[in-house]
Amino acid sequence: DGGRASEEEYLGVALKHGFTKETMGAPLLMLDGTIGIDYEIQKINGKWFNEVLVAGRLREFDLLISAAHFKGHSGTGFGGALKNIGIGCVSKGGKVQAHTGKNLTRNFEKCVDECTACIDICPTHSLQKDSNNKIIYNQDTCKLCYMCVSACNEEVFQREKIAREQFIEHMIDNALGVVEFFGQDKIFYINYAIDITHQCDCSGGSDVNFVQDVGILASRDPVAVDMACVDLVHKSPALHSSCLDGLYIPEKDGIHEWFSYIPRFDYENNETDLNKEGKYQDFWKIQLNAAEKLGLGTKNYNLIEITELE
Ligand code: SF4
Ligand code: SF4
């Protein structure tokens with residue numbers, strides 16, 4: 001609920017959710033700057049990307065503690081530590097590139113004469129009109145915030161249409177960029193596996209929790225901590241009145257693969273499919289497998305249970 005175009009808008013959304021400097025005991029800031037154009041380019045050897053737009057303000061810190069809400073996600077199956085760094089720790093442009101790839105075509109022949117929406121919104125003055133009223137784009141000064149794309153109501157900008165698998169692997173390439181920029185040994189991951197809804201927190205609406213709270217998990221390994229959360233959710237009974245209630249979901253050795261049955265975003269029809277037919281789709285495995293393959297961690301873990309803090 002609310003805009004996410006600038007730090008000011010993000011902080012407004014955070015306030016509505018109860019996150020303030022006072023409630024958190026620390027300043028809140030957007031890692032890619034006040035308007036999302038502060039980034040560092042990290043070269044990587046990813047599956048799809050060889051460069052990642054890492055959020056620039058990470059350069060100001062010595063250690064990074066990722067505190068993620070673990071829950072379902074209609075695009076990536078679930079959201080946890082990997083998504084928190086692969087989407088949360090890249091710039092605005094890095095987020096867009098994860099979702100739609102890096103290829104963007106611009107056909108300014110389709111412009112409307114009197115329109116200046118993209119020029120007005122561009123923070124770097126990289127779009128201007130020439131004496132013939134034609135848009136000139138300056139690639140050298142563009143900071144890849146994609147605000148011009150959002151502002152345009154014509155079919156000037158065409159993004160790549162990518163499959164969901166590719167989006168998930170883009171996100172993991174981004175995570176690799178963040179880890180290589182910051183240093184694998186300087187990042188610690190905490191997953192709050194509580195209030196587990198089928199939808200991500202960035203969605204305007206969701207549902208009641210589909211399983212009971214699992215707990216708070218921590219690790220130096222983002223793959224292990226996400227895998228452990230998935231396993232614990234799959235060992236939990238579904239809650240009544242949730243999106244999973246009433247579906248026939250097979251059980252094996254006390255495990256239900258809930259994340260294979262939650263509602264998901266249908267990229268073909270561009271809408272959320274509530275999956276009332278109970279179709280099986282294990283997209284949640286893609287991010288874990290891709291991350292393990294890129295050396296971000298391992299799906300094998302030892303779970304040490306702590307019930308009381310000393
Ligand atoms: S040209 Fe577009 S993407 Fe580049 S800085 Fe301006 S608004 Fe952002
Ligand atoms: S917002 Fe779109 S139509 Fe308007 S000037 Fe920019 S590119 Fe052209």
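Reader: How are H7 and H9 oriented to each other in this predicted model?
Author: The model is predicted. The axes of helix H7 (residues 164–182) and H9 cross at roughly 40°. Angles under 35 degrees count as roughly parallel, and 65 to 115 as roughly perpendicular.

Reader: Which hand does the crossing of H7 and H9 have?
Author: The axes of these two helices come within 9 Å. The crossing of H7 and H9 is right-handed.

Reader: How are H8 and H9 oriented to each other?
Author: Helix H8 spans residues 222–234 and helix H9 residues 284–293. They pack at an angle of about 155°, with axes 10 Å apart. Angles over 145 degrees count as roughly antiparallel. H8 and H9 are therefore roughly antiparallel.

Reader: Which hand does the crossing of H8 and H9 have?
Author: H8 and H9 pack with their axes 10 Å apart. Their crossing is left-handed.

Reader: Where does ligand 1 sit?
Author: The residues around ligand 1 include Cys122, Cys142, Cys145 and Cys148. Lys143 and Tyr137 are also among them. By class, this shell has nine nonpolar, two polar and one charged residues. Ligand 1 sits in the largest cavity.

Reader: Which cavity is the space taken by ligand 2?
Author: Ligand 2 is surrounded by residues including Cys111, Cys115, Cys118 and Cys152. The space taken by ligand 2 is the second largest cavity.

Reader: How many residues of the shell around ligand 2 are charged?
Author: Glu154 is one of the residues around ligand 2, and Glu counts as charged. The shell also has nine nonpolar residues and no polar ones. The charged count is one.

How values were computed:
Residues numbered from 1 in each chain as written. Chains lettered and ligands numbered in written order. Predicted model: local features only at pLDDT ≥ 70, side-chain atom pairs only at ≥ 80, totals over all residues. Heavy atoms only, no water. Near = heavy atom within 4 Å. 1 Å grid on protein atoms, 1.4 Å probe; cavity = no way out; pocket = protein on both sides within 12 Å on 5 of 7 lines; lining within 4 Å. Sits in = over half its atoms within 2 Å of the grid points. Axes fitted to C-alpha atoms, helices over the stretch in contact; angles between N-to-C directions. Helix = DSSP H or I, 4+ residues; strand = E, 2+ residues; numbered from the N terminus. Left-handed = near helix turned anticlockwise from the far one by under 90°.
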